[in-house]
Amino acid sequence: MVSQPATPRNIDDCARSLDSGTRADIAIFDFSKAFDSVPHKRLLVKLHSFGIRGGTLRWVSCRLQRVTLSGTQSSWRAVTSAVPQGTVLGPLLFLLYINDTASDIRSEIRLFADDCKLILYRAIKSHCDCLILQDDIAKLHQWSLVWQMTFNAKNVVLFHMHVTHSSLTTHLVKSNCLWLTLFYPYRGVTISSDLRWHKHMSIHFSS
């Protein structure tokens, strides 16, 4: 899997569900300190599996750092986590690291390296779809534990997109209910659960 285009594709999929009278549920995950958290030992395992070997692999694993303060320098220490920031390589390494989050996921999933969000969504046509989405949420949580990439609990939200007042299902991460929201700000656009623009207009264009 590779990084997908930003929200238009996701919103277009959800809009088609709404047009057909079907609810769509979206779970939005935000990696906590994503670029700083990538553990090198696990990153090297993944890079090796992609065929990255030799000097390139050594360069990633042998980076050093030290602190300079008022002309005094600390000793060199090995960098054990994080990808280079402010570079083209940083987002690429991050994407290679999180690329397998889609393994065994049956719902639609989108990855965005530039803002470290992971979006999982599914059209809810039956209770079975609710169970599948919950199972996928559990798989993502398990992946985060295995690969030591923490989701920011305050920014993990569930977004019910619906046009009817059908009963809504509660989804969990571990034993915690996902925070339910009707509006979600994303890249300067406030997206409403009914895909109308009144909330965005009231926030951005009110006098």
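Me: In this predicted model, a charge sits over a ring if NZ of Lys or CZ of Arg is within 6 Å of the ring centre and within 35 degrees of the ring normal. What makes Lys46 a residue whose charged end sits over the ring of Tyr97?

Reply: The charged end of Lys46 is 4.5 Å from the centre of the Tyr97 ring.

Me: Why is the pair of Tyr97 and Trp143 called edge-to-face?

Reply: The ring centres of Tyr97 and Trp143 are 6.4 Å apart, with 65° between the planes. Centres within 6.5 Å make a pair and planes over 60 degrees apart count as edge-to-face, so both conditions hold. Tyr97 belongs to helix H5 and Trp143 to helix H6, so the pair ties together parts 46 residues apart in sequence. Both Tyr97 and Trp143 are buried.

Me: Why is the pair of Phe35 and Phe94 called tilted?

Reply: Phe35 and Phe94 lie 5.0 Å centre to centre, with 45° between the planes. Ring pairs link Phe35, Phe94, Tyr97 and Trp143, among others, into a cluster.

Me: How do you know that the buried residues of helix H3 are on the same side?

Reply: His40, Leu43, Lys46 and Leu47 are buried in H3. They cover an arc of only 120° around the axis, which puts them on the same side of H3. The face turned away from the buried side carries the exposed residues Lys41, Val45 and Ser49.

Notes:
Residues numbered from 1 in each chain as written. Predicted model: local features only at pLDDT ≥ 70, side-chain atom pairs only at ≥ 80, totals over all residues. Heavy atoms only, no water. Buried < 20%, exposed > 50% of the residue type's maximum accessible area, 1.4 Å probe, protein only. Helix = DSSP H or I, 4+ residues; strand = E, 2+ residues; numbered from the N terminus. Arc of directions from axis to C-beta. Phe/Tyr/Trp six-rings, centres within 6.5 Å; stacked < 30°, edge-to-face > 60°.
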